[in-house]
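I opened this entry to keep track of what I looked up. The notes run from the whole chain down to single residues.

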Amino acid sequence: MPTDSAFVVLRCQGRVLLVQPHDARRWQLPGGRLERGETPRRAALREVRKETGLRPRLGRLLGVYRRKNGSRAYLFAGSAPRTCRPGAEIRRVRWTPLDSALERLPRGPRRRSGRAGRRAGHH
């Protein structure tokens, strides 16, 4: 059964935080799967902390996107200090200018994040 997930467009000083998991070559926004009974907002906070050590301030929900497998991806705006460290499942973290960050994401998340990232800037 497909599992929903939650991600955060974390911005600080005009940059967006990307993470690169150990098991993937691609960069992605911090976030991950919802656990049973967990709200998307709580999952986003938990995953960001686990992946980066940050305790972000979450802003508004930027969008809910249906994936091909039927699951949903929740995308939140957020802010955090620029000092962070990779968690156990993350190879690297990088604060990247928005346009450069979008180039590093896979096509689907790039489209969603591009629209949402511009909206997040007004948060």
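**Ground rules**

I am working with a predicted model, where local features need pLDDT of at least 70, side-chain atom pairs count only at pLDDT 80 or more, and totals for chains, interfaces and linings use all residues. Residues are numbered from 1 along each chain as its sequence is written, and side-chain values use heavy atoms, with hydrogens and water left out.

**Whole chain**

I looked up the secondary structure first. The chain has three helices and six strands. I take these as DSSP runs numbered from the N terminus: helices are H or I with at least four residues, strands are E with at least two. Along the sequence the order is β-β-β-α-β-β-β-α-α.

Next I checked burial. Of the 123 residues in the chain, 48% are buried. Buried means under 20% relative accessible area, exposed means over 50%, and partly exposed lies in between (1.4 Å probe, protein chains only). The accessible surface comes to about 7200 Å², and carbon and sulfur atoms hold 46% of that. These areas come from the Shrake-Rupley method with a 1.4 Å probe; for residues, only the protein chains shown count as cover.

I then looked at contacts, meaning heavy atoms within 4.5 Å. Among those with a separation of 6 or more, 63% join residues 24 or more positions apart.

**Cores**

Which residues have the most contacts inside the largest nonpolar core? They are Ala6, Val8, Leu10, Ala44, Leu54, Phe76 and Trp95, in a core of 15 residues. Strand 1 (5–12), helix 1 and strand 5 (72–79) each supply at least two residues of this core. Strand 1 gives the most, with four residues. I noted a second, separate core of 14 residues, including Val16, Leu18, Leu62 and Ala77. A nonpolar core here is a set of buried Ala, Val, Leu, Ile, Met, Phe, Trp, Tyr and Cys residues joined through side-chain atoms within 4.5 Å.

**Strand 2 and its partners**

Strand 2 covers residues 15–21, and six of its seven residues are buried. I looked for its partners, counting two strands as paired if DSSP finds at least two bridges between them. Strand 1 runs antiparallel to strand 2, with two bridges. Cysteine 12 has arginine 15 of strand 2 as its bridge partner. Strand 6 (residues 90–97) is also antiparallel to strand 2, with seven bridges. Leucine 18 stands opposite arginine 94 in strand 6.

The hairpin of strand 1 and strand 2 has two residues between the strands. Glutamine 13 lies in that loop. I flagged its phi, near 50°, as a positive value in a residue other than glycine. Glutamine 13 is exposed, because its relative accessibility is 67%.

**Helix 1**

I checked the span of helix 1. Its 13 residues reach 18 Å from first C-alpha to last, close to the 18 Å expected at 1.5 Å a residue. The expected span is 1.5 Å times one less than the number of residues.

Which residues of helix 1 are buried? I list Pro40, Ala43, Ala44, Glu47, Val48, Glu51 and Thr52. They cover an arc of only 125° around the axis, so they sit on the same side of helix 1. The arc is that of the directions from the helix axis to the C-beta atoms. An α-helix has 3.6 residues a turn, so residues three or four places apart point the same way.

Cover for the buried residues of helix 1 includes strand 1, strand 2, strand 3, strand 4 (57–66), strand 5 and strand 6. Just after helix 1, glycine 53 takes a positive phi of about 80°.

**Single residues**

Glutamate 47 belongs to helix 1 (residues 40–52). Is glutamate 47 buried or exposed? It is buried, because its relative accessible area is 5%. Leaving out residues up to four places away in sequence, glutamate 47 touches Gly31, Gly32, Arg33 and Glu89.

Isoleucine 90 lies in strand 6. Isoleucine 90 is buried, with a relative accessible area of 3%. Beyond its neighbours within four places in sequence, isoleucine 90 contacts Val19, Gln20, Pro21, His22 and Glu51. Its C-alpha is 9.3 Å from that of alanine 24, 66 residues apart in sequence.

Glutamine 28 sits in the loop between strand 2 and strand 3 (31–33). Glutamine 28 counts as partly exposed, at 27% relative accessibility. Not counting residues up to four places away in sequence, glutamine 28 touches Leu18, Val19, Pro21 and Leu105.
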